[in-house]
Amino acid sequence: MSFPVHRPRRLRIDSRLRGMIQEVSLFAKNLIYPLFVVDGLAEPREIQAMPGQKQWPLAKIHEPVADAMRKGVGAFILFGVPVSKDGQGSQAYDENGIVCRALRHIREHCPQAYLITDVCLCAYTDHGHCGFLNSAGVIENDSSIQALASMALAHASAGADMVAPSDMMDGRIGAIRALLDLNGFTDLPIMSYSAKYASAFYGPFREAAGSAPGKGDRCGYQMDFRVARDALPEFELDLEEGADILMVKPGLAYLDMVKLARDNFSCPIAVYQVSGEYSMIKAAAEKGWVNERAVVLESLYAMRRAGADLILSYFAPQVAEWLKEDQS
Ligand code: PBG
């Protein structure tokens, strides 16, 4: 096996042949577009740290949905920002909470939209943590998962097509599955943020969702990026508890975990290209330092190559347009 008999370039020289043997695909139907709906907001508000992304008022939340659907994106994940927060995050599981109202509103205007909801308390608690805190400021895992289950049930009852818990409490998938089943939602899938790392790449999201922790950080529940070994048991536990889709988050820096999930499980795998990944590309592109379109598509193809079926991305509608142009 050596030069000059073996010339791998033979397969690369002709663009027609390159197209014929393209292995990895990317379609608009692989994409999920995250949207922020803000209670009490009158007009859409630009998210400073995420150029091109907005916080949406309830009355207009169908607009980005309809626009993305015209471009070919069919699935959305909704994040809510309530007017008032409290220690129990009670707006999170209120059936008239902002996400429940948004579900009903979008359903009315865009009945075909596939609507996923993020299930987590951090945007709803006054302390900004993803679960309850006791008087000593310690996360109370087991009461938190009951609240998360109630939140998932409220979303299901308001018409969500899928729920996606992102809190990283132990046992939450099982608690959510049990409560959904008890209430007749046996066919509603759960996409679990299974390998979710405590990541600085979430920085811009905290502005978008107003969800920064007041005190401390999320290292007591989100995963440590210096550890690889606990991802597999996290995936296994979530599957055992009833998860239908496993998610890895963030994206580009964690493709080893996407590959790990792909190699070990037959269920669909999702990956989240998070806010920081979006903002870094936007910033560099604005300066003319990288070609936005090329860098975005390369990143998403890399995620597909690592084994992701689904990609959550703030670029989703734009990518759908680019893919259409590439075809024509
Ligand atoms: C809620 C949640 C976060 C993200 C998705 N769900 C923030 C966090 O965990 O701190 C981040 C998404 C992004 O950065 O785009 N827990």
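Author: Leaving aside neighbours within four places in sequence, Ser-313 is in contact with Ile-32, Tyr-33, Pro-34 and Gln-273, where contact means heavy atoms within 4.5 Å. Keep in mind that this is a predicted model, in which local features need pLDDT of at least 70 and side-chain atom pairs count only at pLDDT 80 or more, while totals for chains, interfaces and linings use all residues. Residues are numbered from 1 along each chain as its sequence is written, and side-chain values use heavy atoms, with hydrogens and water left out.

Ser-313 is found in strand E12; helices (H or I, at least four residues) and strands (E, at least two) are DSSP runs, numbered from the N terminus. Ser-313 counts as buried because its relative accessibility is 0%. Buried means under 20% relative accessible area, exposed over 50%, and partly exposed in between, with a 1.4 Å probe and protein chains only. A polar atom of the Ser-313 side chain also lies 2.9 Å from the backbone nitrogen of Phe-315. That is a polar contact: a pair of N or O atoms within 3.5 Å, where, within protein, one must be able to donate a hydrogen and the other to accept it, and residues adjacent in sequence count only if both atoms are side-chain atoms.

Now let's turn to helix H10. Strand E12 (310–313) is among the elements that the buried residues of H10 pack against, and so are strand E1 (31–38) and strand E11 (269–273). Those buried residues include Val-296, Leu-297, Leu-300 and Met-303. H10 covers residues 292–306, and its 15 residues reach 21 Å from the first C-alpha to the last, close to the 21 Å expected at 1.5 Å a residue; the expected span is 1.5 Å times one less than the number of residues. At the start of H10, a side-chain oxygen of Asn-291 comes to within 3.1 Å of the backbone nitrogen of Arg-293. After H10 comes Gly-307, with a positive phi near 125°.

Finally, have a look at the ligand. Of the 17 residues around the ligand, Lys-196, Arg-206, Lys-249, Ser-275 and Tyr-314 come nearest; a residue is near if one of its heavy atoms lies within 4 Å. One oxygen atom of the ligand is 2.6 Å from an N or O atom in the Lys-196 side chain, and a polar side-chain atom of Ser-275 is 2.7 Å from an oxygen atom of the ligand. Taken alone, the ligand exposes 400 Å², and the protein buries 100% of that.

Key. Accessible areas come from the Shrake-Rupley method with a 1.4 Å probe; for residues, only the protein chains shown count as cover.
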